[in-house]
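Hi,

Here is the structure I promised to pass on. Have a look at it first, and then read on for what turned up.

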Amino acid sequence: MALIAGTSSCHLALSRKKELVPGAWGPYLSVMVPALWLTESGQSASGLLLDYVLRRMGTLDEKSVSYSALDDVIKCLAGMAKEKGLSEIDRLTAEVHVWPDLHGNRSPLADPDLSGMLLGWRMYDSDDEWAVLYLATVQALAYGTRHIVENLRQHRIDAIYLAGGLRRNRLYVQAHADVLNVPVVLPACDESILQGVAVSSATAAGQFSTVSQAMDALCGQGEVVMPNPAVREYHDRKYNVFMELMQCQHNVRRIMTARKSANN
């Protein structure tokens, strides 16, 4: 599966058969790779949400979010994990759980009325606490991707090919590898989308006989980030909480709608 992650995120799955998936767009034939069906899912404002949390940390410029700021967050998390005797920073979020749909759910629920949720909210007055919330938000986006992947159960997904600005976010990349328990492939090229346009254009112009030949000639190598087996069970439990948050919001909506109907 390809994941284009930036201000928002787009999840693209290819298959040889036409598969109709609820909560996803398509499938579309030959729009990305000839003779293959493309199914598209997505998360609205995912990268924007991460920027929002970073901006809430008092040491950061309100108008600028940089990856040097993210390095500071990672250092902060590593120091906290060491102080608490934790072998992985992932475990710092055991009491902080996020549902990240501040702009509604695009996939797989297609519900514009869902909103964000935070369980474990405290009086955040230090960068340490905001750093943990940032990590919990990163993990929540990965759980959202897992929710999408589970909805694409007709597709066999053995790896995630990650493009877009969030490919430079080390926490985001590792969280997706760990939560989905698959390798994440990071292309060496910073502009993978433009590179894909070049591949398609060169093939259409007759420079290459097939898309595969164009890819072999024009695309470079990349880095593979492997999942950490030590945190798999932890993320399975966190994912269960993530799904409980969704159910909780549905229950709240049902309760409040029933009361409104009674008053009418």
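Which strands and helices each supply at least two residues of the lining of the largest pocket? Please keep in mind that this is a predicted model. The contributors are strand S1 (2-5), strand S2 (9-15), strand S7 (160-163), strand S8 (184-187), H5 and H6. H5 gives the largest share of that lining, with seven residues.

The largest pocket holds about 1,200 Å³ of space. It is lined by 37 residues, and those closest to its centre are Ala2, Met32, Val33, Tyr161 and Met215. By class, the lining has 26 nonpolar, nine polar and two charged residues.

Now to the helix pairs. The axes of H5 (residues 192-204) and H6 (residues 211-218) come within 9 Å and cross at roughly 130°, which makes H5 oblique to H6. The crossing of H5 past H6 is right-handed. On the H5 side, the contact involves Gln195, Ala198, Val199, Ala202 and Thr203, and H6 brings Val211, Ala214, Met215 and Leu218. Seven of these contact residues are nonpolar and two are polar, with no charged ones.

The other pair is H1 (residues 46-56) with H3 (residues 127-151): their axes come within 9 Å and cross at roughly 175°. H1 is therefore roughly antiparallel to H3. Ser46, Leu49, Leu50, Val53, Leu54 and Arg56 of H1 meet Trp130, Leu133, Tyr134, Thr137, Val138 and Leu141 of H3. The residues of this contact comprise nine nonpolar, two polar and one charged.

Best wishes

How values were computed: Residues numbered from 1 in each chain as written. Predicted model: local features only at pLDDT ≥ 70, side-chain atom pairs only at ≥ 80, totals over all residues. Heavy atoms only, no water. Axes fitted to C-alpha atoms, helices over the stretch in contact; angles between N-to-C directions. Helix = DSSP H or I, 4+ residues; strand = E, 2+ residues; numbered from the N terminus. Parallel < 35°, antiparallel > 145°, perpendicular 65-115°, else oblique. Contact = heavy atoms within 4.5 Å. Nonpolar A, V, L, I, M, F, W, Y, C, P; charged D, E, K, R; others polar. Left-handed = near helix turned anticlockwise from the far one by under 90°. 1 Å grid on protein atoms, 1.4 Å probe; cavity = no way out; pocket = protein on both sides within 12 Å on 5 of 7 lines; lining within 4 Å. Points joined across faces, edges and corners; volume = space filled by probe spheres on them.
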